[in-house]
Amino acid sequence: MSPFAWFKKLPLRQQFWLAGAAAGGVALALGSWALANWAQTALHRETHRELAALAATVGPVAADRMDLFSTLQSNPGLVAAASYNARGELIAHFHRPGTEPLPQRTIGGEGFSAERLELVSPVRSSSGAPLITLVLRADPARTQAYQREALLFLLGAGVLAMVLPLVAVSWLERQASQTLQNLAKTAGQVQKEENFNLRATGGG
């Protein structure tokens, strides 16, 4: 038996519920996917902004103050930081226990990596000569917390996709039942009173 034939054999109530649940599930899934992607992009953009602001603040003095890393280490939003000289050699660094340290040599380039939540920011002198490269890595716990929240949201959306069609079907059944009752009542009055001007009232 094909799925369509099986569906047609179901009671009308179940057909309404399955159709509503399927339509609601697809709509909520697409909406949740779009919202999740938007929120993740916003999170990465905010992380990039925060790391860039931090790099702009500490970068100009990081070349002369190695003790500045103790200040960076006190920032709860960072799990690792390092500075490299113009030859790409490690000058100073720190990483929190249980996290991956930054490499001993920089691979060059600059910019923000959304995958690693990592910013590579070159620091140059007033003449434009390269001094050091500062690398900052944000705490991935923010992304993990977002993923947990997104999962809970998707679970809640799934429950709504199952419950809302049931509520809609129950409401439609009540409306249809009320309408049929009104029609039967009016038909009885017409037969009893022989008054063909009577009209049935709507359900609700």
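Colleague: What percentage of the 204 residues in the protein chain is made up of buried residues?
Modeller: Two notes before that. This is a predicted model, so local features need pLDDT of at least 70 and side-chain atom pairs count only at pLDDT 80 or more, while totals for chains, interfaces and linings use all residues. Residues are numbered from 1 along each chain as its sequence is written, and side-chain values use heavy atoms, with hydrogens and water left out. Now, buried means under 20% relative accessible area, exposed means over 50%, and partly exposed is in between (1.4 Å probe, protein chains only). Here, buried residues come to 25% of the 204 in the protein chain.

Colleague: How many helices and strands are there in the protein chain?
Modeller: Helices (H or I, at least four residues) and strands (E, at least two) are DSSP runs, numbered from the N terminus. This chain has four helices and five strands. Reading from the N terminus, the order is α-α-α-β-β-β-β-β-α.

Colleague: Which way do S3 and S4 run, and how many bridges join them?
Modeller: Two strands pair if DSSP finds at least two bridges between them. S3 and S4 run antiparallel, with three bridges joining them. One example is glycine 111, whose bridge partner in S4 is valine 120.

Colleague: Which residue other than glycine has a positive phi near 55°?
Modeller: That's leucine 117, found in the loop between S3 and S4. Leucine 117 is buried, at 4% relative accessible area.

Colleague: How many salt bridges does the structure hold?
Modeller: The rule is a side-chain nitrogen of Lys or Arg within 4 Å of a carboxyl oxygen of Asp or Glu. By that rule there are five. One of them pairs glutamate 110 with arginine 124, at 3.9 Å from N to O. Glutamate 110 is in the loop between strand S2 (90-95) and strand S3 (111-113), and arginine 124 is in strand S4 (residues 118-124), so this pair ties together parts that are 14 residues apart in sequence. Glutamate 110 is exposed at 58% relative accessibility, while arginine 124 is partly exposed at 47%.

Colleague: Which residues are linked in a network of salt bridges?
Modeller: Arg116, Glu118 and Arg137. Arginine 116 meets glutamate 118 at 3.5 Å, N to O, and arginine 137 meets glutamate 118 at 2.8 Å. Arginine 137 lies in strand S5 (residues 130-138) and glutamate 118 in strand S4, so the pair ties together parts that are 19 residues apart in sequence. Glutamate 118 is buried at 8% relative accessibility, arginine 137 is buried at 11%, and arginine 116 is partly exposed at 45%.

Colleague: How many residues are in the largest nonpolar core?
Modeller: A nonpolar core is a set of buried Ala, Val, Leu, Ile, Met, Phe, Trp, Tyr and Cys residues joined through side-chain atoms within 4.5 Å. The largest one has 15 residues, and those with the most contacts inside it are Leu51, Leu54, Leu72, Leu78, Leu134 and Leu136. H2, strand S1 (78-85), S4 and S5 each supply at least two residues of this core. A second, separate core has seven residues, among them Ala82, Leu102, Val120 and Val135.

Colleague: Which residues form a nonpolar patch on the surface?
Modeller: Patches are made of residues with over 30% relative accessible area and no salt bridge: like charges are joined within 9 Å, and nonpolar side chains (Val, Leu, Ile, Met, Phe, Trp, Tyr) within 5 Å. Accessible areas come from the Shrake-Rupley method with a 1.4 Å probe; for residues, only the protein chains shown count as cover. Here the patch is Leu35, Trp38 and Phe153, with about 350 Å² of accessible area together. Leucine 35 lies in helix H2 (residues 12-62) and is partly exposed at 40%.
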